Amino acid sequence: MELLIFYPLALVTILLALGVVFNTSPINSAVSLIGMMLGLAAVFVLLQAHFIAILQVIVYAGAIMVLFMFVIMLLNLKAGDDRAWKMRERNLYLSILTGVLILLGLYKLTDKIQSTEFGETAKLPDTFGTTIEVGTKLFTDYVLPFEVASILLLAAMVGAVVLAKNKVD
Amino acid sequence: MVNLAFLVPLFPLIGSIINGFYGLKIGKDWVSKIACGGPILSFLVVLCLWVSLFFHPEGAPYPEQILFTWVPAGSLQVEFGFQVDPLSCVMMLVVTGVGSVIHVFSIGYMYEEYSYYRYFAYLNLFLFSMLLLVMGNNFLVMFIGWEGVGACSYFLIGYYFEKKSACDAATKAFVVNRIGDFGFLIGIFYVFQTFGTIDFSSVMAAAPTTLVYGSETVTLLTMFLFIGATGKSAQIPLYTWLPDAMEGPTPVSALIHAATMVTAGVYMVVRCNALFNLAPLTLTIIALVGGGTALMAATIGCTQWDIKRVLADSTVSQLGYMFVACGVGAYTAAIFHLVTHAFFKACLFLGSGSVIHAMHHEQDIRRMGGLKDHMPITYLTFLISTIAIAGIFPFSGFFSKDEILFHALMDGNVIYWGMGVSGAFITAFYMFRLVFLTFHGESRVDPHVHPHESPAVMTMPLIILAGLALGGGLLGIPLIHGWHILGNWLEPVISFDWATALHHSETVLASHGHHESFTELLHSKGEHHPNVWIELLLMAFSVAVALSGIYMAYLFYRKHPELPAKFTKGQWGFDLVQEKYRVDELYDEMFVKPTVEASERLWKDADMKGVDGAVNGVAQSIGFMSKIAQYFQSGFVRNYAMFMVMGFVVLLIII
Amino acid sequence: MVPLSHYLILSAVLFSIGALGVLIRRNAIVVFMCVEIMLNAVNISLIAFDNHLNQHDGQIFSFMVMCVAAAEVSVGLAIVIALFRNRPTVNLDEFNLMKW
């Protein structure tokens, strides 16, 4: 039953990811990415990680992707901008080589995963992945990393402001 | 009293340090005061030590002053200590006594030199090293002195370093000495391997009960030590450096290359007499080498024109006599001749220095002559020493040389004696040739040069040394038993327990299945009182030989001055001798040239192609590899990232 | 019931697609998007293992990953804007300053 949901979901996600890579227009890429994020949120739900799934939708599909869209539109990037620049002759071969290499790595990785014995899946309680469970963990065992993460975000915010502002002085 | 021993080498060392570092600042007067003060103070201390030895209880071991343990390495325990026994005391007296006199002489001789202080710093350093050599209570301390005197000899021969010949001579002396030192060092290792200690007193005490008479071990051991002695004491085959060493200042030749350093080999052999006694083969070789050197150097001396070279060859020849004495086991005679030789040869060298000083550095005796009226004191002292070296009664050389010849015949055989007597004849001839050509006859002096007597600071040492050369023979009056002062004095050091040693050898050999009896040998080593008349006869004979040598010199160079030229003209034999038997050329051909060629080949093939090629090759390959690496550094971040992924994939595949 | 290996293979495939995009695209913003794909792929395997082992640590980690992604994107896009101001392009091949 779950497999029936998983396969189409995985297929759609992979296709959308490919769409991100191979779309010439940055806007199209961004829209594909949003679709992929939503698909992944569904995968998370399938894995009973409800809290993370919600977070995925809110943070990624909501906040980060809006930022992307905003920048693309701000810089007024159009389709084909990528090609407007002269191709350097080496890039084509390099791209093919890269693709081959990555396929090779992927093959090896898949091989590895399939040949590994992971053992029995644990029996999950009903409360698995709920906000209470994850929140408790986050504010007890992982409180220090949590606070560090907040500092990281603050630093990123300041950095972004400093970098992006006009040089007035 | 023995606690004062450390002062003896300390004074010259202090003098050397002060003169070496502050010599230019303190001025020549202070330099000379400090330089002469050190040896004289040492001499006084040695006198105290010498007197204290008279009160030494008979049979007790001689005192040693241990300053500190120098090498505490497992079973090798080397102490830095000084030994004060009759033998080292005699040597110390000679070294500091003659050394002080020569230092004083040097003040006059070297006064005009700019680097006066450098000369005295080296001279004091030499004295320090020589005293270490003589006083050391083990082989290693002796070896420091041994190397130290070699180094100082190098410095002093090369004192006039702006002269190429002086530099070459210094290098030659150093290199030739090094060959001998190598043998000596191996000898020391061998001693340590055999005895487990390198302390003189322990080794000598253990020798009779450790070594087997005539065994391979003791023969090899003593041969290595003897190689060391041939290097330092200028014997065949390593004697070639000494005549060339005359490039140094004349007082240096007197101190180092006549009186003290070159006798180090003799001293070492006498010091190790317990080892040499057990090696009859080595002793035979020593005697033959000594006799051969005595004869060969004497013949060379007849043909040289340089006043100092004649004396140098004479020194080599006299050292040969000392080794003959060692070779027949007459160690007292060797030391006796060493002492008298130090007196008269130092006097001769200083006399020649005085002549050279007066002649403004002219050394060729063909341009001298008739000097006796200009420099009476120098002439008189030189004559006394010449008579002494020729061996005329009652001068010191007579006693010591005669004792050696007597022992050569009695304890050795006719061959040694024959060599010695012919050497004595030639010695008398060439020494008087030197005197006649230098001081007598018509003046052949350059008219621009006005010879004059040297100042008192130079003549006083000459007088002192001439007095010693005259009276030094009293130390060893022969004939009457018990009157040989030096013999009695050295008796405790060179007495050897033949009975124990031979008995031990018999037992060891028997345990190995060789039944050999040394009883006869033991009897022959026992006390023998030779006939007084034989001794008298030998003396008369050697005096006759010396007189005939003198007469021949008189005939050749005073009566008929045209004779030598007539005899020698066109004779290939004479040319050969004059060119010193072409030994230098032979060594050049045999050792120097192959070494130079091999070095050149090493330089051109191994170094320039091999080593340099490797270094340049590394540089070139780095350049080549950078060219390849340059291709990777395109500057495009994505390319870098791709290489990262490549690496990642490779890693993945490997895992 | 979906086996763990399926999730892991999905994660690997997405990661590879992201890496490919990072390497072959020249548009800086698309490269950023591909980095996001890679980060998300990692999240899948983290949560899949969580599910497999009945733990919550993986979810905490994916939470952290999201934080880092948010920070990275905000700074990264700021840099892109700054670069764009210097030179009117987002083509990464134009920026080869790393050669020196």
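View 1. Trp70(B) is partly exposed at 34% relative accessible area, whereas Phe80(B) is buried at 14% (buried is under 20%, exposed over 50%, partly exposed in between; 1.4 Å probe, protein chains only). This is a predicted model, in which local features need pLDDT of at least 70 and side-chain atom pairs pLDDT 80 or more, while totals for chains, interfaces and linings use all residues. Residues are numbered from 1 along each chain as written, chains are lettered from A in the order written, and side-chain values use heavy atoms, without hydrogens or water.

Over all chains there are 38 aromatic pairs (Phe, Tyr or Trp rings, the six-membered one for Trp, with centres within 6.5 Å; planes under 30 degrees apart are stacked, over 60 edge-to-face, the rest tilted). Trp70(B) and Phe80(B) make an edge-to-face pair, at 5.9 Å between centres and 85° between planes.

**View 2. Tyr116(B) and Phe120(B).** The ring centres of Tyr116(B) and Phe120(B) are 5.0 Å apart with planes at 75°, so this pair is edge-to-face. Both residues are buried. Tyr111(B), Tyr119(B), Tyr159(B) and Tyr160(B) are among the other members of their aromatic cluster.

**View 3. The interface of chain C and chain A.** Chain C gives 73 residues to the contact and chain A gives 80 (heavy atoms within 4.5 Å). About 7,000 Å² is buried between these chains, 76% of it from carbon and sulfur atoms (accessible area lost on putting the two parts together, 1.4 Å probe, summed over both).
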